[in-house]
Amino acid sequence: TWLLNHKRFGPILRNWESHKVVPRKSKILMVVLQIVAVILFHYSLQNMYLTIGLIILLFFVAKYVISLPSVIPENAT
């Protein structure tokens with residue numbers, strides 16, 4: 001309840017709950033942070049197989065999130 005009524009996060013969470021909307025800035029930030037995570041993961045473990053597995057996993061996560069709408073549809077009630 002506290003988070004849904006929060007000044008900053010409330011509207012974003014309510015839009016997600018009711019319309020599955022993810023703002024464009026959030027999508028961009030997600031992709032950038034995924035790239036940074038892959039780089040840090042690779043340099044910390046030095047395992048190419050695990051890095052490739054992580055890249056594949058995060059690719060599908062990004063593909064799903066990017067496919068979601070960025071604005072509430074006009075015909076939404």
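Me: Which helix do the buried residues of α2 pack against?
Reply: Bear in mind that this is a predicted model. The buried residues of α2 are Lys27, Met30, Gln34, Val38 and His42. Their packing partner is α3 (48-67).

Me: Within what arc do the buried residues of α2 fall, seen down its axis?
Reply: Take Lys27, Met30, Gln34, Val38 and His42, the buried residues of α2. They line one face of the helix, because seen down the axis they fall within an arc of 95°.

Me: How far does α2 reach from its first C-alpha to its last?
Reply: Helix α2 covers residues 24-45, which is 22 residues. At 1.5 Å a residue, 32 Å is expected. The reach in the model is close to that, at 32 Å.

Me: Is Gln34 buried or exposed?
Reply: Gln34 sits in helix α2. The cut-off for buried is under 20% relative accessible area. Gln34 has 12%, so the residue counts as buried.

Me: Which residues does Gln34 touch, not counting those up to four places away in sequence?
Reply: Gln34 is one of the buried residues of α2, and the buried residues of α2 pack against α3. With residues up to four places away set aside, Gln34 touches Leu58, Val61 and Ala62.

Me: Which residues make up the largest nonpolar core?
Reply: In soluble globular proteins, nonpolar side chains tend to be buried together. Here the largest such core has 5 residues in all. Its members are Val22, Met30, Ala62, Val65 and Leu68.

Me: What is the phi of Lys20?
Reply: Most residues other than glycine have a negative phi. Lys20 is in the loop between α1 (10-19) and α2. This residue is not a glycine, yet its phi is positive, at about 55°.

Me: Over the face of which residue does Lys20 lie?
Reply: Lys20 counts as partly exposed, because its relative accessibility is 40%. Lys20 is 4.7 Å from the ring centre of the residue whose face it lies over, Trp16.

Me: Is Gln46 buried or exposed?
Reply: Gln46 is placed in the loop between α2 and α3. Its phi is positive, near 55°, although the residue is not glycine. The relative accessibility of Gln46 is 55%, so this residue counts as exposed.

Me: How are the rings of Phe59 and Phe60 arranged?
Reply: The structure holds 1 aromatic pair. The ring centres of Phe59 and Phe60 are 5.3 Å apart. Planes over 60 degrees apart count as edge-to-face. These planes are at 75°, so the pair is edge-to-face.

Me: How far apart in space are Ile55 and His6, C-alpha to C-alpha?
Reply: Ile55 lies in helix α3. Ile55 counts as partly exposed, because its relative accessibility is 41%. In sequence, Ile55 and His6 are 49 residues apart. In space, C-alpha to C-alpha, they are apart by 33 Å.

Technical notes:
Residues numbered from 1 in each chain as written. Predicted model: local features only at pLDDT ≥ 70, side-chain atom pairs only at ≥ 80, totals over all residues. Heavy atoms only, no water. Helix = DSSP H or I, 4+ residues; strand = E, 2+ residues; numbered from the N terminus. Expected span 1.5 Å × (residues − 1). Buried < 20%, exposed > 50% of the residue type's maximum accessible area, 1.4 Å probe, protein only. Arc of directions from axis to C-beta. Contact = heavy atoms within 4.5 Å. Phe/Tyr/Trp six-rings, centres within 6.5 Å; stacked < 30°, edge-to-face > 60°. Lys NZ or Arg CZ within 6 Å of the ring centre and 35° of its normal. Core = buried A, V, L, I, M, F, W, Y, C linked by side-chain atoms within 4.5 Å.
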